Amino acid sequence: MIALKQWWVSMGMLVSMMVSPVNGAKPLETVSHVDLDRYLGKWYEIARYDAPFQQGCVASFANYSLNSDGTLKVVNVCRDKTFDGKERKAEGKAWVVDTVSNAKLKVQFFWPFKGDYWIIDLGKDYEYSVVSEPKRKFLWILSRTPHMDERVLEEIKAKLVNLEFDLTQLKNTPQP
């Protein structure tokens with residue numbers, strides 16, 4: 001019963017974060033185009049805004065693959081607190097909502113909750129991706145490798161400051 005209450009509290013926090021306005025921030029833009037075939041595969045989490053559903057996560061990564069119905073299968077995996085900690089896994093699906101750019105998706109891990117997944121920066125060779133949502137409540141910096149070149153990470157952070165993200169909320173994700 002306690003676990004169920006904690007789950008509902010977490011879901012309530014998630015929904016409230018997704019609908020809360022950002023005071024005075026300019027509208028968030030996405031990249032102009034995403035080749036979904038190139039986007040598929042494994043992405044390591046380099047840094048994130050800490051969300052209730054990711055507290056304690058280390059060694060986080062996501063894997064995207066194509067479902068037979070054209071949606072994307074999303075599998076998020078992390079270890080609890082240490083690299084040897086218990087594996088935590090969440091499976092869901094995503095679908096494109098802006099077919100011109102393919103940069104705006106919806107993601108759903110359990111019904112009826114779904115959230116925005118906007119690709120706001122992308123390396124020219126798909127070596128990194130930055131994902132958020134219109135209200136800037138969530139933020140993930142992803143890389144094809146578990147560790148990102150520090151210079152590239154600093155360039156991404158500079159872009160994020162220009163996009164009005166609060167970098168004091170950004171937490172590095174430990175990777176083995």
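Colleague: Is R88 buried, exposed or partly exposed, and what is its relative accessible area?

Modeller: This is a predicted model. In it, R88 has a relative accessible area of 26%, so R88 counts as partly exposed.

Colleague: Which residue does R88 meet in a salt bridge?

Modeller: The partner is D80; the side chains of D80 and R88 are 3.1 Å apart, N to O. D80 is itself partly exposed, because its relative accessibility is 25% and buried would require under 20%.

Colleague: How many salt bridges does a search of the whole structure find?

Modeller: The search returns 10 salt bridges. Side chains of opposite charge can pair when their charged atoms come close.

Colleague: Turning to helix 3, which residues does it span, and where do R151 and E155 lie?

Modeller: Helix 3 covers residues 150-162, and both R151 and E155 belong to it. They are four residues apart, about one turn of the helix. A salt bridge joins R151 to E155, with 3.0 Å between the closest N and O atoms.

Colleague: And how accessible is each of the two, R151 and E155?

Modeller: R151 is exposed, with a relative accessible area of 53%. E155 is partly exposed, at 41%.

Colleague: Are R48 and E45 buried or exposed?

Modeller: R48 and E45 are both buried.

Colleague: Changing topic: how many residues are in the largest nonpolar core, and which have the most contacts inside it?

Modeller: The largest nonpolar core has 21 residues. Those with the most contacts inside this core are V34, Y39, Y64, Y117, I119, L122 and L142.

Colleague: Which elements give two or more residues to this core?

Modeller: The contributors at that level are strand 2 (57-66), strand 3 (72-80), strand 5 (104-110), strand 6 (113-122) and strand 8 (139-143). Strand 6 supplies the largest share, three residues.

Colleague: What does I119 touch, not counting residues up to four places away in sequence?

Modeller: On that basis, I119 touches T30, V31, V34, Y39, N102, A103, L105, S129, V130 and V131. Of these, V34 and Y39 are also listed with I119 among the residues with the most contacts inside the largest core.

Colleague: How many residues are in the other core, which lies apart from this one?

Modeller: The other core has 17 residues, including Y49, M148, V152 and L160.

Notes
Residues are numbered from 1 along each chain as its sequence is written. This is a predicted model: local features need pLDDT of at least 70, side-chain atom pairs count only at pLDDT 80 or more; totals for chains, interfaces and linings use all residues. Side-chain values use heavy atoms; hydrogens and water are left out. A nonpolar core is a set of buried Ala, Val, Leu, Ile, Met, Phe, Trp, Tyr and Cys residues joined through side-chain atoms within 4.5 Å. Buried means under 20% relative accessible area, exposed over 50%, partly exposed in between (1.4 Å probe, protein chains only). Contact means heavy atoms within 4.5 Å. A salt bridge is a side-chain nitrogen of Lys or Arg within 4 Å of a carboxyl oxygen of Asp or Glu.
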